[in-house]
Amino acid sequence: MSLDKVLFVDDEENLLSGFKRQFHKQFQVDTQLGGEAALQSLTTNGPYTIIVSDLRMPGMDGIQFLQKAREIAPDSVRIMLTGNSDVQTAIEAVNEGNIFRFLTKPCPPETLEQALNASVEQHRLIMAERELLEKTLNGSVRMLIELLSITAPQSFGHAEKVRNGAKKVAAKLGLKESWELDVASMLCQIGLVTVPSAVIENAKSGRPLNPMEQKMLARVPEIGRDLLNNIPRMELIARIVEYQNKHFDGTGLPQDDIAAQKIPIGSRILKAVNDLLQIENLGIPRSKALHIMKKRAGWYDPEVFEVLDECIPIVAEIEISGPIRAVSAGDLQPGMVLAKNFHSADGLLLVGAGCQLSDAIIAKIRNVTSYAGTADLFFVESSWSRFGKESM
């Protein structure tokens, strides 16, 4: 079992040597003279379970150092150790550096040891909570995507195309890859589960909608936001979904004062990608689709619109990698990816191409084929996983 790593930071070399002698059997101890060297150590030698810093140091003081340390290593538990016992200094340190313990020098060895042991337990609680949240989040996202693929397969297929396009636009703009944008792209249509399929079909085919139908579709982002806000750590994703129909000039929904750069960049990307794909789905060629969008003054982020054409394939199909093979319903396995649409006997789309099969989707396919008495063959690609752990 490896020892927990502790970083001591001070401007007194003798004191740092004393810490190393005192705690080297209980912890893996690193020491650094001053905040600048300690920040470098966080990057090159971390992660650390605990960071113990003196307050009064030349150049960068302990409060400044621990603020920066929190940005680099947010999971490390921070302790402030100082000869200054001023109460206001302690309050400032706790508030600005998010300090777990504030100890004054000279600090009895047993007191510092108790604080270190308490910090280890605090770190374990932090990591356990993170693991629980990540498992909850991953499971919730998969459940919602699965719900969308089962209840609204056409919308799921469209979301796949939006996701592929949004990733390329973000990369072209030089944005750091974000799992939030990835998930928001897949769940941007989740609010459609409340809309009758006939209304969805009318909208996709370009047929005129009555006021009631228009209101239903207008509330889709709002409903999606409310669904996602029930899941921990989904606040940013919910906000991206909420503002996916907002115009760059501030018009559109939701009706508020948010405009331009204040609109989440993910929302601005989704707006442009989604609109282009919807226009092309009506059979309108790319050049004319872009012309239509260009005439919508103030709707789109100019930087996003500029790269849109080169990032979105004209034939925006689901990308399937690897060999495709035919299997029976009984041989379908979770993780396989459907390479062709699966329709009911009357032509209704039940599971769209590009859908990664889960136990629930496989059960639906088997129930349909069993009830209809058919022995369909399904074309699948079995080596591609869309949502690995790394995307979360």
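## How two helices cross

Helix axes here are lines fitted to C-alpha atoms over the stretch in contact, and the angle between two of them runs from 0 to 180 degrees between N-to-C directions. Helices (H or I, at least four residues) and strands (E, at least two) are DSSP runs, numbered from the N terminus. With that in hand, take a look at helix H8 (residues 197-205) and helix H9 (residues 211-218) in this predicted model: their axes come within 11 Å and cross at roughly 90 degrees. H8 and H9 are therefore roughly perpendicular to each other, a label that covers 65 to 115 degrees, while angles under 35 count as roughly parallel, over 145 as roughly antiparallel and the rest as oblique.

Which residues make the contact? On the H8 side they are Val199, Asn202 and Ala203, and on the H9 side Glu213, Met216 and Leu217. Contact means heavy atoms within 4.5 Å. Sorted by class, the contact of H8 with H9 has 4 nonpolar, 1 polar and 1 charged residues. In this sorting Ala, Val, Leu, Ile, Met, Phe, Trp, Tyr, Cys and Pro count as nonpolar, Asp, Glu, Lys and Arg as charged, and the others, Gly among them, as polar.

Residues are numbered from 1 along each chain as its sequence is written, and side-chain values use heavy atoms, with hydrogens and water left out. Since this is a predicted model, local features need pLDDT of at least 70 and side-chain atom pairs count only at pLDDT 80 or more, while totals for chains, interfaces and linings use all residues.

The pLDDT is the predictor's confidence in each residue, from 0 to 100. The chain averages 84, and 89% of the residues score at least 70. Confidence is highest in strand E1 (residues 5-10), at a mean of 95, and lowest in helix H4 (residues 87-97), at 64. Over residues 315-320 the pLDDT stays under 50, and the model has 17 contacts beyond four places in sequence for them. Residues 384-392 are also below 50; this stretch has 30 contacts in the model beyond near neighbours in sequence.

Leu7 sits in strand E1. Is Leu7 buried or exposed? At 0% relative accessibility, Leu7 counts as buried. Buried means under 20% relative accessible area, exposed over 50%, and partly exposed in between (1.4 Å probe, protein chains only). Leaving aside neighbours within four places in sequence, the contacts of Leu7 include Gln32, Ala38, Leu42, Tyr48, Ile50 and Val52. Leu7 and Gln32 are 25 residues apart in sequence, and their C-alpha atoms are 7.5 Å apart in space.

## Salt bridges

Side chains of opposite charge can pair when their charged atoms come close. A salt bridge here is a side-chain nitrogen of Lys or Arg within 4 Å of a carboxyl oxygen of Asp or Glu, and by this rule the count comes to 16. One of them joins Asp10 and Lys105, at 3.5 Å from N to O. This pair links distant parts of the chain, 95 residues apart, with Asp10 in strand E1 and Lys105 in the loop between E5 and H5. Asp10 is buried, at 1% relative accessible area, whereas Lys105 is partly exposed, at 22%.

Asp275 and Arg296 also meet in a salt bridge, at 3.6 Å from N to O. They lie 21 residues apart, Asp275 in helix H12 and Arg296 in the loop between helix H13 (286-294) and helix H14 (302-311). Asp275 is buried, at 6% relative accessibility, and Arg296 is partly exposed, at 25%. Asp226 pairs with Arg225, with the closest N and O atoms 2.9 Å apart. Asp4, Glu121 and Arg124 are linked in a network of salt bridges.

## Backbone details and a histidine

Where are the cis peptide bonds described here? One joins Gly46 and Pro47, with omega about 5 degrees; Pro47 is in the loop between helix H2 (35-45) and strand E3 (50-54). Another joins Lys105 and Pro106, with omega about -5 degrees, and Pro106 is in the loop between strand E5 (101-104) and helix H5 (109-151).

Ala260 has a positive phi of about 50 degrees although it is not a glycine. This residue lies in the loop between helix H11 (235-242) and helix H12 (265-281) and is partly exposed, at 26% relative accessible area. His123, in helix H5, is buried at 15%. Beyond its neighbours within four places in sequence, His123 is in contact with Thr49, Asp75 and Val77.
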